Amino acid sequence: MKFSITVTLKKDVLDPQGKVVQNTLINMGLNLRNIRQGKYFEIEINEKDQSKAKKNVDEMCKKLLVNLIIEEYKINKL
Amino acid sequence: MKSSVIVFPGSNCDRDIAVALEKMQFKNQMVWHKETRLPKSDLIVLPGGFSYGDYLRSGAIAGKSLIIDEVIKAANDGCLILGICNGFQILTETGLLKGTLLRNKNLKFINQDIQIKVENNETKFTNKYKKNQVLKINIAHNEGNFFTDERHLQDLNKNNLIAFKYCDYKGNVNEQSNPNGSLENIAGIYNSKKNILGMMPHPERMVDELISNTDGVNLFSSLLN
């Protein structure tokens, strides 16, 4: 079973990399309001039961992949 | 006094801190991160560097290494723990210190001598300094922008858990003297029991007049006191 995880900085946390990308796009003449930069993971696991599998992935997020002080995440089944 | 320096793949200040500790008469041992037992130590140091190439987040992978369980046990038993630079980042990733270190506000790696102020001189780490003493000390980091939630920040202030703040050479703490965007200019913090210190500046680089200055010496002599 395969899942994707998107990790982004929480709304209140400054994202300087996103800001630089944003300013560059604006300087290039492109029209946008806001950018937040994040991380993307794809995880394959050997588990047939979807709810168990999702629980495993959630545990991976909480224990290592995400710093819950500053980041939030979304899990999607692929 | 016995010390252990934990060495991770990518640590690069491990030998500097060993030289500083030995110069200050600590009996020091280097401990590889794959070890599962710590030698008897009064002080454990997590050194600066780029453990695991800063993959995922600075300090995230090192924070899960085998030896870390032993470091956490020792910390809970009251052993003194010092995390410098990447060591500070590792301490936040293990949960031994709260908060985190974000990318520097200006997105640049900063390597320069700056000033910090001793906010609390009544701890094991700083008792040889004067309160509000200004130290000239080196920083060299890309992720040193201290961030935490409102409740922890209040706790740090209320319980005197801020060790050092970035300041100018006169001791003024303000936006101009903040090199990396840290909340309230925070350069180093303690845990609630004050046996764990995490700091971004490098005291081990300031123990010799020939190559820099000796503003870091009192941190080590405080520990021996």
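These legends walk through close-up views of a predicted model, one region at a time.

Local features are described where pLDDT is at least 70 and side-chain atom pairs count only at pLDDT 80 or more, while totals for chains, interfaces and linings use all residues. Residues are numbered from 1 along each chain as its sequence is written, with chains lettered from A and ligands numbered from 1 in the order in which they are written.

**View 1**
Chain B has an average pLDDT of 97, pLDDT being the predictor's confidence in each residue, from 0 to 100. A score of at least 70 is reached by 100% of its residues. For the complex, the predictor reports an ipTM of 0.79 and a pTM of 0.92.

**View 1. The open sheet of chain B.**
Here are 9 strands in the order β2-β1-β3-β4-β11-β10-β9-β6-β7, with mixed pairing. Strands (E, at least two residues) and helices (H or I, at least four) are DSSP runs, numbered from the N terminus, and two strands pair if DSSP finds at least two bridges between them. At the edges sit β2 (27–32) and β7 (134–141) of chain B, each pairing on one side only. On average, neighbouring strands of this sheet are turned by 25° against each other, direction ignored. Helix α3 (residues 86–94) of chain B packs on the sheet and touches β3, β4 and β11 (196–199) of chain B; its direction makes about 120° with that of β4(B). Such angles run from 0 to 180 degrees between N-to-C directions, with axes fitted to C-alpha atoms, for helices over the stretch in contact. Contact means that two C-beta atoms, placed from the backbone, lie within 7 Å.

How many residues of β9(B) are buried? It's 6 of 6, so to speak a mostly covered strand. Buried means 20 or more other C-beta atoms within 10 Å of a residue's own, exposed means 12 or fewer, and partly exposed is in between, with C-beta atoms placed from the backbone. Strand β6 (residues 110–118) of chain B runs antiparallel to β9(B), joined by 4 bridges, and Gln115(B) stands opposite Cys167(B). β10(B) also pairs with β9(B) in the antiparallel sense, over 3 bridges; there, Ile162(B) has Ile189(B) as its bridge partner.

**View 2. Helix α1 of chain B and what it packs on.**
Asp14(B), Ile17(B), Ala18(B), Ala20(B) and Leu21(B) are buried in this helix. Seen down the axis of α1(B), they fall within an arc of 165°, so they line one face; the arc is that of the directions from the helix axis to the C-beta atoms. These buried residues pack against β1, β2, β3, β4 and α5 of chain B. Just past α1(B), Gln25(B) takes a positive phi of about 75°.

**View 3. An exposed loop residue, Gln176(B).**
Look for Gln176(B) in the loop between β9 (162–167) and β10 (186–190) of chain B. Gln176(B) counts as exposed because 10 other C-beta atoms lie within 10 Å.

**View 4. Where chain A meets chain B.**
Here 8 residues of chain A are in contact with 12 residues of chain B. Helix α1 (residues 16–27) of chain A gives the most to chain A's side, with 3 residues. That side divides into 6 nonpolar, 2 polar and no charged residues.

Key: Nonpolar A, V, L, I, M, F, W, Y, C, P; charged D, E, K, R; others polar.
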